Amino acid sequence: MTRKNLATLCLFLSCGSAFAGQIEDATFSSKALDADLSVNIYQPDGEPPENGWPVLYLLHGHDGDQNSWRDLGNIQKTLDGMIASGTIRPLVVVMPGAKNSWYVDSSAVGGPGDYETAITGDLHSHVEKTLPVRQDKQGRAIAGLSMGGFGALRLAYDHEDLFTAVASMSGAIWQNVPAEDLDKTPAELKLIQDSAFFHRVDRTTITSGIVLPSTGDHFSGAFGTPFDARLFNEKNLFTLVAQHVVEGQDLPATYLTVGDDDGFFLWRGAVALHETLQADNRTSELRITDGDHVWTVWKTSIIDVLKFIDSKWDSDKAVAEN
């Protein structure tokens with residue numbers, strides 16, 4: 001962590017006593033899951049505005065749960081401090097527990113369950129029925145880390161009518177598996193993962209190629225068992241982006257951040273997605289920061305993520321000033 005970022009984080013945290021939001025546990029029945037869905041919900045102090053608070057859906061990573069951002073990410077103190085200092089406006093933050101679902105619907109292939117529908121349907125509806133939050137796209141955003149970074153981007157791009165902005169922190173981002181590799185086994189894909197990315201033209205020239213998905217049991221059956229490359233491609237971010245470009249549809253404003261020492265080399269996918277979005281004149285911000293795939297990075301990067309999202313609330317200035 002740089003001295004500048006450390007000083008900024010300390011400033012926000014020192015403001016915590018001046019503003020005290022609350023995080024509460026909640027559980028409700030999800031029709032999509034045919035089971036309960038657990039969430040943590042941060043609500044700011046004070047009375048909500050007439051049209052409600054804006055709401056951020058904040059997703060956990062692999063092997064995480066609804067408590068990850070509360071217990072490991074120090075999110076309450078960060079939010080309290082940033083709101084107290086006037087850096088961001090008060091907002092509600094909803095943190096669902098989604099197992100290792102990759103935030104896709106997977107019950108049909110024996111995966112963890114239909115978490116995409118549970119979050120964008122059941123949870124979204126539950127939040128807007130029970131909390132004083134805004135119910136318009138311009139007052140909704142989504143973000144996540146690692147698996148949740150992939151999930152946030154997927155849900156934002158597949159439900160562009162719901163979210164005005166999306167942020168991915170160290171997101172597990174990979175390009176589509178090429179047609180000639182679709183029938184390779186997961187083990188075979190793993191063997192060519194690095195060679196597919198690095199192309200040594202000659203002694204002095206190396207070019208980049210395809211960022212293949214990292215196959216393994218971490219997918220927990222979300223894309224079939226064994227891993228189904230065709231199913232992955234169907235649900236992948238790059239497929240969704242291409243569909244929006246062909247159909248001339250807007251995408252939510254995108255913020256990508258990842259550590260330069262990420263042990264899973266996830267900067268590769270972040271750069272590839274940023275390049276793809278930029279090539280099609282879509283709003284995308286990319287930050288390569290110092291650090292690995294660890295909470296010390298995410299506890300700092302969430303600060304700029306929150307600033308980015310706050311800047312995207314309200315395309316109508318009159319609404320923003322309400």
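This is a predicted model: local features need pLDDT of at least 70, side-chain atom pairs count only at pLDDT 80 or more; totals for chains, interfaces and linings use all residues.
Residues are numbered from 1 along each chain as its sequence is written, and side-chain values use heavy atoms, without hydrogens or water. Local features need pLDDT of at least 70 and side-chain atom pairs pLDDT 80 or more, while totals for chains, interfaces and linings use all residues.

**View 1. The largest pocket.** Its volume is about 530 Å³. On a 1 Å grid over the protein atoms alone, a pocket is an open set of points with protein on both sides within 12 Å along at least five of seven lines, and lining residues have an atom within 4 Å of a point. Of the 27 lining residues, His62, Ser146, Phe264, Leu266 and His293 are the closest to the centre. The lining divides into 13 nonpolar, 11 polar and three charged residues.

**View 2. The largest cavity.** Here you meet a cavity (points where a 1.4 Å probe fits but cannot get out) of about 30 Å³. Ile88, Arg89, Leu91, Leu306, Ile309, Asp310 and Trp313 line this cavity. Five of these residues are nonpolar and two are charged, with no polar ones.

**View 3. Helices α5 and α8 side by side.** The axes of α5 (residues 147-158) and α8 (residues 237-247) come within 10 Å and cross at roughly 25°. The two helices are therefore roughly parallel to each other, a label for angles under 35 degrees. Look for Phe150, Leu153, Arg154, Tyr157 and Asp158 in α5, which meet Leu237, Leu240, Val241 and His244 in α8; contact means heavy atoms within 4.5 Å. By class, this contact has six nonpolar, one polar and two charged residues.

Technical notes: Grid points are joined across faces, edges and corners, and a volume is the space filled by probe spheres set on the points. Ala, Val, Leu, Ile, Met, Phe, Trp, Tyr, Cys and Pro count as nonpolar, Asp, Glu, Lys and Arg as charged, and the others, Gly among them, as polar. Axes are lines fitted to C-alpha atoms, for helices over the stretch in contact, and angles run from 0 to 180 degrees between N-to-C directions. Helices (H or I, at least four residues) and strands (E, at least two) are DSSP runs, numbered from the N terminus. Angles under 35 degrees count as roughly parallel, over 145 as roughly antiparallel, 65 to 115 as roughly perpendicular and the rest as oblique.
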